[in-house]
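Here is a short briefing to read alongside the model. Have the sequence and the 3D view open, and follow the topics one by one.

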Amino acid sequence: SGIFATTFFQMILFGQKSFWFLILGVKLTNSIGMALFDKSLRYSLMNSSGHKQGQIVNYFQVDLMKLYGLSYLISGIIFLPIQLLVGIYIMYTMIGVTFLSGFGAMIIMIILNSIAGKMYTTIQKKKMTAKDGRIGQDTEIINAIRVIKLNAWENVFMDKAMEKREI
């Protein structure tokens, strides 16, 4: 019954911690998103040095999602050292030195996870570059829709858009 009570209490605390850090992330993301949107309304694309509208929209979306994810990870950064120390102490008192084999496996998994994260980052950068191209192309098409309709170039631009989407 002690294990059940401990697990139950732990799950309640974990749920509360996750809930409040996610609320913090939503509030932070919304506040910064509104500030960036407000600033973008006053910012002229003519003044931008090398940034296209598609890139700016991408920066908004991607950076705000990263910030939202960061709010959840902050709780891990705060509580992880405490959990590790308590866990190591409990394992050492319960099973002795043999806990080092499990600890070694955990270190190996951390290294493998880091390698997988780097691979994911590389793929994500390629994806964002392709997304920038698609958004820029779509913005160009939307801004020039009158000229396209006037000159009956719909099929030409549709082929260009489909070609970008195949990446």
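Tyr92, Phe99 and Phe103 are joined by ring pairs into a cluster. The model is a predicted one, and the number of aromatic pairs in it comes to four. One of them is the stacked pair of phenylalanine 4 and phenylalanine 8, with 6.1 Å from centre to centre and 20 degrees between the planes.

**The phenylalanine pair in α1**
- Both phenylalanine 4 and phenylalanine 8 belong to helix α1, which covers residues 2-42.
- Four residues separate the two, about one turn of the helix.
- In general, an α-helix has 3.6 residues a turn, so residues three or four places apart point the same way.
- Phenylalanine 4 counts as exposed because its relative accessible area is 62%, over the 50% cut-off.
- Phenylalanine 8, at 48%, is partly exposed.

**Threonine 29, also worth a look**
- Threonine 29 has its place in helix α1.
- Is threonine 29 buried or exposed? With a relative accessible area of 11%, threonine 29 is buried, since the limit for that class is under 20%.
- Leaving aside residues up to four places away in sequence, threonine 29 touches Leu64, Leu67 and Tyr68.

**Helix α3**
- Helix α3 runs over residues 99-143, a total of 45 residues.
- From its first C-alpha to its last, α3 reaches 63 Å, close to the expected 66 Å at 1.5 Å a residue.
- Which residues of α3 are buried? They are Phe99, Met128, Ala130, Asp132, Ile135, Gln137, Thr139 and Ile141.

**How α3 packs on α5**
- Helix α5 spans residues 154-165, and its axis lies 9 Å from that of α3, at an angle of about 165 degrees.
- That angle makes α3 and α5 roughly antiparallel, because angles over 145 degrees fall in that class.
- The two helices, α3 and α5, cross in a left-handed way.
- On the α3 side, the contacts come from Gly133, Arg134, Gln137, Asp138 and Ile141.
- Their partners in α5 are Phe157, Lys160, Ala161, Lys164 and Arg165.

**The chain as a whole**
- The secondary structure amounts to five helices and zero strands, and the pattern along the sequence reads α-α-α-α-α.
- Buried residues make up 16% of the 167 in the chain.
- Of the contacts between residues at least 6 apart in sequence, 68% join residues at least 24 apart.

Key. Residues are numbered from 1 along each chain as its sequence is written. This is a predicted model: local features need pLDDT of at least 70, side-chain atom pairs count only at pLDDT 80 or more; totals for chains, interfaces and linings use all residues. Side-chain values use heavy atoms; hydrogens and water are left out. The expected span of a helix is 1.5 Å times one less than its number of residues. Buried means under 20% relative accessible area, exposed over 50%, partly exposed in between (1.4 Å probe, protein chains only). Rings of Phe, Tyr and Trp (its six-membered ring) pair if their centres lie within 6.5 Å; planes under 30 degrees apart count as stacked, over 60 as edge-to-face and the rest as tilted. Axes are lines fitted to C-alpha atoms, for helices over the stretch in contact, and angles run from 0 to 180 degrees between N-to-C directions. Angles under 35 degrees count as roughly parallel, over 145 as roughly antiparallel, 65 to 115 as roughly perpendicular and the rest as oblique. A crossing is left-handed if the near helix is turned anticlockwise from the far one by less than a right angle, and right-handed if clockwise. Contact means heavy atoms within 4.5 Å.
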